[in-house]
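I opened this entry to look up how the chains of the model meet. My notes follow the structure.

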Amino acid sequence: MPLWKIYHPADAYSAEDKRDIAQAITSVYGRVMPKFYVGVVFEAVSPDNFFIGGEPHPRFVRIAVDHIARTFQSDELKTAFMSRMSKLLATWTSERGLDWEIHVDETPFELWTIQGHFPPREGTEDEKRWMAENRASPRTHS
Amino acid sequence: MPLWKIYHPADAYSAEDKRDIAQAITSVYGRVMPKFYVGVVFEAVSPDNFFIGGEPHPRFVRIAVDHIARTFQSDELKTAFMSRMSKLLATWTSERGLDWEIHVDETPFELWTIQGHFPPREGTEDEKRWMAENRASPRTHS
Amino acid sequence: MPLWKIYHPADAYSAEDKRDIAQAITSVYGRVMPKFYVGVVFEAVSPDNFFIGGEPHPRFVRIAVDHIARTFQSDELKTAFMSRMSKLLATWTSERGLDWEIHVDETPFELWTIQGHFPPREGTEDEKRWMAENRASPRTHS
């Protein structure tokens with residue numbers, strides 16, 4: 001459900017860093033939804049293809065996220081989530097001298113399938129089964 | 001209008017596969033809108049840049065779509081569209097042993113131009129002309 | 001805030017072109033918001049990975065934008081913005097014989113941080129400081 005796209009300088013992250021980042025992100029979502037919902041795509045961008053404020057920026061990490069499975073019901077929940085993620089990600093950004101920015105969009109739940117299955121609604125037995133089995137299977141509720 | 005971004009393992013698709021996929025997608029939209037609205041971008045992602053549930057996934061296809069020209073007016077229409085697309089895409093995903101996920105976002109009609117022209121509204125004479133000529137031209141309605 | 005993704009043929013733009021494009025885009029936003037809000041990512045796409053209407057298109061530029069800091073309050077403002085941007089970008093698209101398309105999405109203000117800071121609201125003293133200093137700093141309003 002969340003699809004994370006992380007644009008980063010080519011030399012910013014090792015293969016191990018990327019795995020650590022993906023696992024840290026997954027651990028946050030994984031408490032309340034199936035872990036396999038979490039997709040993370042890394043894309044190295046060279047400085048001449050990456051501009052901030054009209055200038056090439058060789059030390060910038062830009063993260064764009066789509067949320068699908070959950071929609072935050074208040075501004076307080078939104079800022080709480082972003083605060084938490086910002087602290088989590090500081091390890092691989094601010095604390096390494098990288099500038100960074102992140103934004104999240106929310107997209108329609110009904111326009112989403114995994115393995116051709118419509119994912120279950122939040123809190124249903126189907127969702128519990130998807131979490132327990134960590135894989136998609138047919139939904140039993142409408 | 002629809003912009004499809006298809007992240008896939010490098011060895012998953014031949015040039016012919018990609019063309020077949022793009023044409024299959026285009027054929028669905030092309031019945032109700034100009035074919036040239038349909039953009040499809042393929043991006044090969046190596047396993048160390050592609051994580052599902054915090055683990056590298058070498059056999060995963062992740063599709064992210066933006067819809068602009070049309071907005072579904074009910075949840076039933078949304079799920080009907082996704083069911084249809086899921087069946088269509090199974091040929092190049094499930095049936096080849098690839099795991100996969102797709103989600104669609106809907107974006108504002110007024111924030112969209114092609115060749116500098118604002119695309120015509122659904123059902124207008126302008127849209128019929130765009131479909132018949134399969135190219136953009138100035139809109140005659142406001 | 002605006003994140004611009006520009007898919008283009010590999011030979012369409014020189015390094016200088018890309019800088020010119022990024023600066024032209026930034027100059028529009030920079031009058032009303034901090035320049036460093038503007039991120040532009042260029043991605044060269046080969047013809048066999050880029051389909052328009054189901055066919056490879058070797059001369060197409062596809063631009064996808066996310067707006068975060070500002071939401072247009074009327075359709076008139078939306079079309080005015082798109083008209084302006086379309087004219088601006090014609091220099092690097094239509095006038096070079098490239099076909100092109102652009103669309104903009106609007107995403108939630110509260111789901112956005114820069115350097116771990118929540119950006120200031122429009123028109124606040126904090127925003128003026130961010131503009132004057134062209135960098136992020138803690139927000140003093142709630």
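Predicted model: local features only at pLDDT ≥ 70, side-chain atom pairs only at ≥ 80, totals over all residues.

β3(A) pairs with strand β2 (residues 39–44) of chain C in the antiparallel sense, over three bridges. I picked out one residue, A:F51, and found its bridge partner in β2(C) to be C:V40.

Next I looked up the contacts around that pairing. I found 26 residues of chain A in contact with 27 residues of chain C. On the side of chain A that touches chain C, two or more residues come from each of β3 (50–52), β5 (60–67), α2 (75–90) and β6 (99–106) of chain A. β6(A) gives the largest share of that side, eight residues. By class, I noted 11 nonpolar, seven polar and eight charged residues there.

Then I turned to chain B. Here 28 residues of chain A are in contact with 26 residues of chain B. α1 (15–29), β2 (39–44) and β7 (112–114) of chain A each give at least two residues to the side that touches chain B. I sorted the residues of this side into 14 nonpolar, eight polar and six charged.

Strands pair across this contact too: β7(A) and strand β6 (residues 99–106) of chain B run antiparallel and are joined by three bridges. For A:W112, the bridge partner in β6(B) is B:H103.

The copies use different surfaces, as 4% of the contact residues of chain A recur in chain C.

Methods:
Residues numbered from 1 in each chain as written. Chains lettered and ligands numbered in written order. Contact = placed C-beta atoms within 7 Å. Helix = DSSP H or I, 4+ residues; strand = E, 2+ residues; numbered from the N terminus. Nonpolar A, V, L, I, M, F, W, Y, C, P; charged D, E, K, R; others polar. Pairing = 2+ DSSP bridges.
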